[in-house]
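Subject: Structure handover

Hello,

Here is the structure you are taking over.

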Amino acid sequence: LVLISSMTMQSATSAADLDKKDGIKVHHHTVESGDTLWDLSEKYLGNPLSYTGIKKINKIDNERLLQPGQELSFISARFYPGIVTAVTGQAHLVQGTEKNQVRKGALINEGSLIQAMEQSFVKLQFMNQVEVEISPNSTVLFHTAANNTRTSAPRFELQKGGAEVQVPAVESDYNKLEVMTPHLTLGVRGTHFRVKHDANTMANEVLAGKVVLTKQHKQLAQVSAGEGAVFSARTHAIAHEKLAAKPSVGQVVYDQQGLHLTVKPQHNAAAYKVKAYSDADYSVPLQEFISRQPSFVIPAQFVADGTYYLSVTTMSLNGLESYPQVYQHALDPISVVALGRGIEFTFPYCTTQWRVQVAETERFLIPAIDKTAKNTCKMVIHNLPSIDWYWRVFEGGNNDMDIAKGQVKVLGGK
């Protein structure tokens with residue numbers, strides 16, 4: 001097994017404030033006026049949600065009644081357990097003899113193995129705030145460092161595929177991580193990086209921080225932020241390359257097929273990649289699209305709250321991925337205007353089929369109006385009583401999920 005990343009972070013807390021007890025560091029704090037367990041948990045442990053555990057450790061009944069001068073202890077969080085913060089597609093969690101589908105909220109402990117299937121992403125966060133995003137068609141095994149190593153850092157073995165890892169820039173003796181591949185060892189400190197491998201190569205892209213490539217404890221090369229390296233298992237050679245800058249998005253058009261997106265071609269780009277996300281926080285990809293041509297059609301199923309949330313990268317001839325360009329495209333909304341005894345709907349484009357339902361209740365058990373029209377940008381519903389109406393709109397032949405809905409009060413009049 002080969003170590004791929006060892007990361008250490010430093011804390012603002014002085015060494016005099018720390019005790020060592022069985023490998024666990026304890027931060028001591030004297031309460032001052034205005035202190036809260038929420039803020040102190042974030043300060044010492046990097047996670048304000050840890051305050052509930054701190055209450056138990058310090059035998060606090062009411063966290064709102066902290067007294068100045070009160071002594072508190074904060075035990076630094078270890079790496080395990082991790083938690084699945086997001087998952088898309090199908091992935092399996094193997095623990096011992098049990099194999100289950102990965103679900104949000106599942107705990108990851110020593111010995112856990114995650115298998116992400118095609119078009120599946122798994123996002124994990126560990127107690128020391130290290131984040132790991134497992135790519136599609138990847139297998140990762142989590143375990144502790146071997147007894148013969150000089151560190152006690154936890155580690156994971158990337159058995160197949162790829163992963164993206166972020167280590168926050170906060171110092172702590174427990175924010176360490178070792179990642180292994182069958183090819184090289186990468187020593188990493190305070191780093192945001194990607195790693196992927198197959199039978200013949202291992203590629204590493206450093207977005208922030210620094211990586212030291214080693215094999216059998218012998219340093220082979222160093223990779224700084226903005227650089228990438230590709231190791232050949234056949235020749236044992238390492239090719240260095242500067243990561244390409246963020247690509248630029250060109251023409252964008254939306255129609256019934258989805259979002260037609262063009263990436264401005266980059267010199268030496270062998271392929272282009274687009275990832276679709278479900279929220280503005282870019283929590284975890286829903287799906288990735290890869291093409292040799294700088295043009296994509298992203299289906300409407302990846303619209304979230306009327307907006308496409310995308311990241312765009314390019315791939316070099318050596319397979320190294322560029323810095324990501326984050327892109328958001330808000331769709332033109334459906335316009336709904338109340339008329340005298342009617343409602344006017346204006347659609348964002350015309351080259352599709354639109355279906356409009358109008359009902360007195362939001363459950364739409366028996367719609368008062370259920371009207372379909374093709375190749376039109378506007379639809380007017382006449383002869384409606386002057387009351388509040390619920391409406392919803394479907395596009396194309398998809399009658400299972402509406403793309404817009406709301407409520408409108410029809411005006412009186414003729």
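Gly228 stands opposite Glu241 in β20. The model is a predicted one, so please keep that in mind as you read on.

In general, strands of a sheet pair through backbone hydrogen bonds, either parallel or antiparallel.

β19 and β20 form a hairpin, and five residues lie between them. His236 sits in the turn and has a positive phi of about 60°.

β19 also has a partner in β17, which covers residues 201-215. β17 and β19 run antiparallel and share six bridges.

Is β19 enclosed or open to the outside? Five of its six residues are buried, so β19 is largely enclosed by the rest of the structure.

**The sheet of β28, β29 and β32**

Three strands make up an open sheet, in the order β28-β29-β32, with antiparallel pairing. The edge strands are β28 (335-339) and β32 (378-381), each of which pairs on one side only. From one strand to the next, the twist averages 15°.

β29 covers residues 342-346, and four bridges join it to β32. One of the residue pairs to find is Thr346 with its bridge partner Lys378 in β32. In a regular strand, as a general point, the side chains alternate between the two faces of the sheet.

**The disulfide**

How many disulfides does a search of the whole structure find? The search finds one. Cys350 and Cys377 form it, and their sulfur atoms are 1.2 Å apart. Cys350 lies in the loop between β29 and β30 (353-359), while Cys377 lies in the loop between β31 (369-374) and β32, so the pair ties together parts that are 27 residues apart in sequence. As background, a disulfide is a covalent bond between the sulfur atoms of two cysteines.

Cys350 counts as partly exposed because its relative accessibility is 28%. Cys377 counts as partly exposed because its relative accessibility is 27%.

Glu157 is in strand β13, which covers residues 154-166. Glu157 has a relative accessible area of 14%, so it is buried; the cut-off for that word is under 20%. Where does Val140 lie relative to Glu157? The two are 17 residues apart in sequence, and in space their C-alpha atoms are 5.6 Å apart.

His183 is in the loop between β15 (178-180) and β16 (185-197). Its relative accessible area is 8%, so His183 is buried too. A polar atom of the His183 side chain lies 2.9 Å from the backbone oxygen of Asp198.

Regards

Methods
Residues are numbered from 1 along each chain as its sequence is written. This is a predicted model: local features need pLDDT of at least 70, side-chain atom pairs count only at pLDDT 80 or more; totals for chains, interfaces and linings use all residues. Side-chain values use heavy atoms; hydrogens and water are left out. Two strands pair if DSSP finds at least two bridges between them. Helices (H or I, at least four residues) and strands (E, at least two) are DSSP runs, numbered from the N terminus. Axes are lines fitted to C-alpha atoms, for helices over the stretch in contact, and angles run from 0 to 180 degrees between N-to-C directions. Buried means under 20% relative accessible area, exposed over 50%, partly exposed in between (1.4 Å probe, protein chains only). A polar contact is a pair of N or O atoms within 3.5 Å; within protein, one must be able to donate a hydrogen and the other to accept it, and residues adjacent in sequence count only if both atoms are side-chain atoms. A disulfide is a pair of cysteine sulfur atoms within 2.5 Å.
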